[in-house]
Amino acid sequence: MAMSTVSIHVFGDVPSSPLVGVLQDNIKNWRTSALILTSILFLASGIWFIGIFVQSVDRYNEDSEHQDGNTERTNTTPLLEEKTIETDVGSSES
């Protein structure tokens with residue numbers, strides 16, 4: 001979530017002011033600049049609105065659906081199993 005917020009600021013808020021300044025320096029008319037920026041905003045809003053309703057494919061569990069049941073289980077012992085065995089043996093001796 002934090003990376004998303006940082007990327008929004010880096011790619012959106014940071015370059016927008018200089019780009020508006022460059023646009024204004026080239027056009028030299030605030031009304032036209034505002035019209036261009038508003039048009040870009042409405043275009044982006046339209047693309048975003050259409051993107052909400054487009055059916056997306058969830059590929060999160062795609063690999064798990066096609067796996068076979070014959071997976072190798074070579075390293076499945078818990079790391080602390082030896083410690084628990086030694087502790088159980090030590091406590092049963094005393």
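## Basis and confidence

Residues are numbered from 1 along each chain as its sequence is written, and side-chain values use heavy atoms, with hydrogens and water left out. Because the model is predicted, local features need pLDDT of at least 70 and side-chain atom pairs count only at pLDDT 80 or more, while totals for chains, interfaces and linings use all residues.

The predictor's confidence in each residue is given as pLDDT, from 0 to 100. For the chain, the mean pLDDT is 80, with 64% of residues at 70 or more. Where pLDDT is low, the predicted coordinates should not be read in detail.

## Overall organisation

Four helices and zero strands make up the elements of the chain, in the order α-α-α-α from the N terminus. Both kinds of element are DSSP runs numbered from the N terminus: helices are H or I with at least four residues, strands E with at least two.

Of the 94 residues, 2% count as buried. Buried means under 20% relative accessible area, exposed over 50%, and partly exposed in between, with a 1.4 Å probe and protein chains only. The chain exposes about 9200 Å², of which carbon and sulfur atoms supply 61%; these areas come from the Shrake-Rupley method with a 1.4 Å probe, and for residues only the protein chains shown count as cover.

Helix H1 covers residues 2-27, which is 26 residues. From its first C-alpha to its last it reaches 37 Å, close to the 38 Å expected at 1.5 Å a residue; the expected span is 1.5 Å times one less than the number of residues. H1 has a kink of about 45° at Ser16, shortly before the proline Pro18. The bend at a residue is the angle between axes fitted to the seven residues ending there and the seven starting there.

Lys28 follows H1 and lies in the loop between H1 and H2. Its phi is near 60°, a positive value in a residue other than glycine. Most residues other than glycine have a negative phi. Lys28 is exposed, at 66% relative accessibility.

Gln24, in helix H1, is buried at 11% relative accessibility. Leaving aside residues up to four places away in sequence, Gln24 touches Asn29, Trp30 and Ser33, where contact means heavy atoms within 4.5 Å.

Val20 is also found in H1 and is partly exposed, with a relative accessible area of 24%. Its C-alpha is separated by 9.3 Å from that of Ala34, 14 residues apart along the chain.

One aromatic pair is found in a search of the whole structure. The rings of Phe49 and Phe53 have centres 5.1 Å apart and planes at 75°, so the pair is edge-to-face. Rings of Phe, Tyr and Trp (its six-membered ring) pair if their centres lie within 6.5 Å; planes under 30 degrees apart count as stacked, over 60 as edge-to-face and the rest as tilted.

Phe49 and Phe53 are four residues apart in helix H2, and therefore separated by about one helical turn. Phe49 is partly exposed, at 48% relative accessible area, whereas Phe53 is exposed, at 63%.
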